[in-house]
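Please look over the model below.

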Amino acid sequence: MDESTPLDMQVTAPFGNFAEVRRAVDADLVGPVAAALKQWDPELAYAVRYVDTDPELADTAVFCAAYDVPAEASANCVVVAAKRGGETTLAAGVVLATTRLDVNKAVRGHLGARKASFAPMDTAVGESGMEYGGITPVGLPAHWPLLIDAAVAATPWVLIGSGRRRGKLILPGAALAALPGAVVLEGLAG
């Protein structure tokens with residue numbers, strides 16, 4: 001961490017209207033998310049913001065309106081089940097909230113799957129260790145393919161789930177692209 005930046009300095013969000021903003025490393029995060037942040041370079045980890053939010057407002061459109069967040073700065077992480085030859089591979093796709101994940105062409109084609117679809121909720125929650133409506137690419141199982149749309153990677157600051165329906169993370173899009181196993185793809189979103 002840059003020694004010229006005191007740790008007790010006021011933490012702010014680059015957008016939105018949040019009553020509480022703090023460093024994600026100081027927040028009570030679900031196990032896999034907290035563990036992933038601990039493995040990051042400290043300077044990058046300290047740049048990640050956590051904003052406390054109402055879980056009843058977690059759905060993207062409602063959230064953006066309630067917290068004054070531009071939809072183009074918000075991203076969704078979608079868990080996909082890709083099948084080929086009797087084998088099912090879970091993967092995650094991250095796209096801006098203004099778009100939709102192209103499961104049938106981009107994801108299926110990249111993974112070389114015969115069929116790809118949204119993973120059942122119970123599977124996504126059970127395998128990720130995160131809550132439905134809050135699944136984030138930070139802390140997903142390392143063996144999952146992680147596909148990041150190029151527009152997300154190019155976003156200066158992007159808001160994503162925190163692993164729970166309550167709260168969100170805000171971090172540079174480039175940080176998502178640098179996650180272990182992440183692949184940045186043009187045209188992942190339709």
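Predicted model: local features only at pLDDT ≥ 70, side-chain atom pairs only at ≥ 80, totals over all residues.

Residues are numbered from 1 along each chain as its sequence is written, and side-chain values use heavy atoms, with hydrogens and water left out.

**Sheet**

Helices (H or I, at least four residues) and strands (E, at least two) are DSSP runs, numbered from the N terminus. Four strands form an open sheet in the order E1-E2-E8-E7, with antiparallel pairing. Strand E1 (21–23) and strand E7 (158–161) are the edge strands, each pairing on one side only. Pairing requires at least two DSSP bridges between two strands. On average, neighbouring strands of this sheet are turned by 35 degrees against each other, direction ignored. These angles are taken between axes, lines fitted to C-alpha atoms, with a range from 0 to 180 degrees between N-to-C directions. Strand E2 (residues 49–51) and strand E8 (residues 168–171) run antiparallel, joined by 3 bridges. Tyr50 has Leu169 in E8 as its bridge partner.

**Pockets**

A pocket is an open set of points on a 1 Å grid over the protein atoms alone, where a 1.4 Å probe fits, with protein on both sides within 12 Å along at least five of seven lines; lining residues have an atom within 4 Å of a point. A volume is the space filled by probe spheres set on the points.

| Pocket | Volume | Lining by class |
|---|---|---|
| Largest pocket | about 670 Å³ | 17 nonpolar, 7 polar, 4 charged residues |
| Second largest pocket | about 230 Å³ | 14 nonpolar, 2 polar, no charged residues |

Ala, Val, Leu, Ile, Met, Phe, Trp, Tyr, Cys and Pro count as nonpolar, Asp, Glu, Lys and Arg as charged, and the others, Gly among them, as polar.

The largest pocket has 28 lining residues, and Asn76, Cys77, Val78, Tyr132 and Gly133 are the closest to its centre. Strand E3 gives the largest share of this lining, 5 residues. Helix H3 (60–67), helix H5 (121–128) and E7 are among the elements that each supply at least two.

The second largest pocket is lined by 16 residues, with Pro137, Gly139, Leu140, Ala142 and Pro180 closest to its centre. Helix H1 (residues 31–39) gives the most, 4 residues.

**Helix H3**

Which residues of H3 are buried? They are Phe63, Cys64 and Tyr67. Buried means under 20% relative accessible area and exposed over 50% (1.4 Å probe, protein chains only). Down the axis of H3, the buried residues fall within an arc of 95 degrees, so they line one face of the helix. The arc is that of the directions from the helix axis to the C-beta atoms. The face turned away from the buried side of H3 carries the exposed residues Ala61 and Ala65.
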